[in-house]
Amino acid sequence: MTILKPPVKREDVEALEAGDKVLITGTIYTGRDAAHKRLVDLLDGNKPLPFDVDGAIIFYVGPTPSPPGRPIGSAGPTTSYRMDAYAPRLIERGLRGMIGKGPRAAEVKDAMKKYGCVYLGATGGAGALMAQAVKKAEVIAFDDLGPEAVRKLEVENFPVIVINDTKGNDLYIENVKKYKRE
Amino acid sequence: MRSIPYNTIKEKVKAAIMEAAFIAGEDLMAGFKRALEQEESPLGKEILNQLIENAEIARKERIPLCQDTGLAVFFVEMGDEVKVEGGLLPDALNEATKEAYGEAYLRKSACNPFTRKNTGDNTPAIIHYDIVKGDKLHITFCAKGGGSENMSRVTMLTPSDGKKGIEDFVVQRVWEAEANPCPPVIVGVGIGGTFERAALIAKKALLEPIGKKNPDPELAEMEERILKRINNLGIGPGGLGGRITALDVHVKMEPCHIASLPLAVNINCHSSRHAEIDF
Ligand code: SF4
């Protein structure tokens, strides 16, 4: 079990292999497609981003609203391919990790190899379980997007598994092959 | 004519929507446990155990099972001797949706297709009506998540494609969906009708309890064949490889045009949330 504490260095993610189980402790940021579009628009306009992407980990999630007394509601991963159009731009800027579910496009995997970033899988549909690892949450940008706003999360031992490493390995492809029967 | 007050409907439906968000059905829990016995992959077992634990936490702490609490879909069976007193039935269902999603802190996921602006209260609900005989009103609610809905398809096959063509298309759809719809999935198949009718009966098929056999022996056999082929794909729980890619396959069939063979595949994730409400 590896522990990642953002901000993450390039060599830390380059040491990871597809299939490694990882626990994340520290600050991560949330963002779905609507937020990604705005982040990329800011980059296009040469404007500052609401958080430092260099060394950051982004969690693709749109949580349920926090009930009174809880930092967050249900918080599991959303499907990642919707962020594929935007992800390479953030990876270029030093994004080190993306947490989601489902396979990524070739361009994203190429950018991960080139700039040093990993794709981490979290269990889809286990939002109540995953919320237990979130200790604090705060909206830091795009409040008008509601569930899609960018949040800063403090997490403790947030469990993920490396799907795509920086060497081009893909856990989905490799593992499905093992169990496929003709 | 039996009349049911608008408010009675609204309140009961509202309570049912909330419960469905937090409480996994018994058929689903039994499906997870059966899957756990059959799963060979250690990682697959780990995921299934997480899903069982997730359901326990959701129930105990009243946290939604999944953060995508879905669009609100209703199937209404309305007796011809029932009337709603004090308002329109669709208004009652929309108001119940709005209040339940607000008060239970569920996620509002309805938005404008172009601007993507959230409607703010998870309305409009999607409502389908059937008129039946009698003085009863039966409403089925289902919270439909986007991840699995996005992997669903309608196609118009050629009659000569036959059963084999149908089964190939369904299996191929699940294969192409990969890890996206949160496997283990439940697959609803609608055969026949028209373009839109096939989709509707595919969604209705998703309401059948997991593990229930089709009363039509020919369809039951087809469900079994499709399920076997899907579980040979190797996608497994969470898409991380394994034996159990689907918990069940349900098929519904209706007559179609002599020139057509409409087919719809509606995929549901394991977070299969529904509720039955009787009046
Ligand atoms: S596909 Fe289902 S389980 Fe997965 S995130 Fe969407 S609603 Fe939740």
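## Largest pocket

The lining of the largest pocket is made up of 15 nonpolar, 16 polar and 17 charged residues. Here Ala, Val, Leu, Ile, Met, Phe, Trp, Tyr, Cys and Pro count as nonpolar, Asp, Glu, Lys and Arg as charged, and the others, Gly among them, as polar. The model is predicted: local features need pLDDT of at least 70 and side-chain atom pairs 80 or more, while totals for chains, interfaces and linings use all residues. Residues are numbered from 1 along each chain as its sequence is written, chains are lettered from A in the order in which they are written, and side-chain values use heavy atoms, without hydrogens and water.

A pocket is an open set of points on a 1 Å grid over the protein atoms alone, with protein on both sides within 12 Å along at least five of seven lines, and lining residues have an atom within 4 Å of a point. The largest pocket has a volume of about 1200 Å³, a volume being the space filled by probe spheres set on the points. Of its 48 lining residues, A:R32, A:E148, B:S109, B:C111 and B:R116 lie nearest the centre. Helix α2 (33-44) of chain A gives the most to this lining, with five residues. In chain B, domain 1 (2-20 + 65-144) and domain 2 (147-271) each contribute at least three residues; the domain bounds come from an automatic or database assignment.

## Helix α2 of chain B

Helices are DSSP runs of H or I with at least four residues. Helix α2(B), residues 26-38, has 13 residues and spans 19 Å from first to last C-alpha, close to the 18 Å expected at 1.5 Å a residue. Its buried residues (under 20% relative accessible area, 1.4 Å probe, protein chains only) are B:L28, B:M29, B:G31, B:F32 and B:A35. They lie on the same side of α2(B) because they cover an arc of only 155 degrees around the axis. On the other side, B:E26 and B:E37 are exposed, meaning over 50%.

## Cavities

A cavity is a set of grid points where a 1.4 Å probe fits but cannot get out. The whole structure holds two cavities of 30 Å³ or more.

The largest cavity, of about 50 Å³, has B:L28 and B:F32 among its lining residues, along with A:G125. Helix α3(B) gives the most to this lining, with three residues. No charged residues occur in it, against six nonpolar and four polar.

The second largest cavity has a volume of about 40 Å³. Its lining includes B:Y101, B:F141 and B:R273, and α1(B) gives the most, with three residues. By class, this lining has seven nonpolar, one polar and one charged.

Definitions and conventions
Helix = DSSP H or I, 4+ residues; strand = E, 2+ residues; numbered from the N terminus. Expected span 1.5 Å × (residues − 1). Arc of directions from axis to C-beta.
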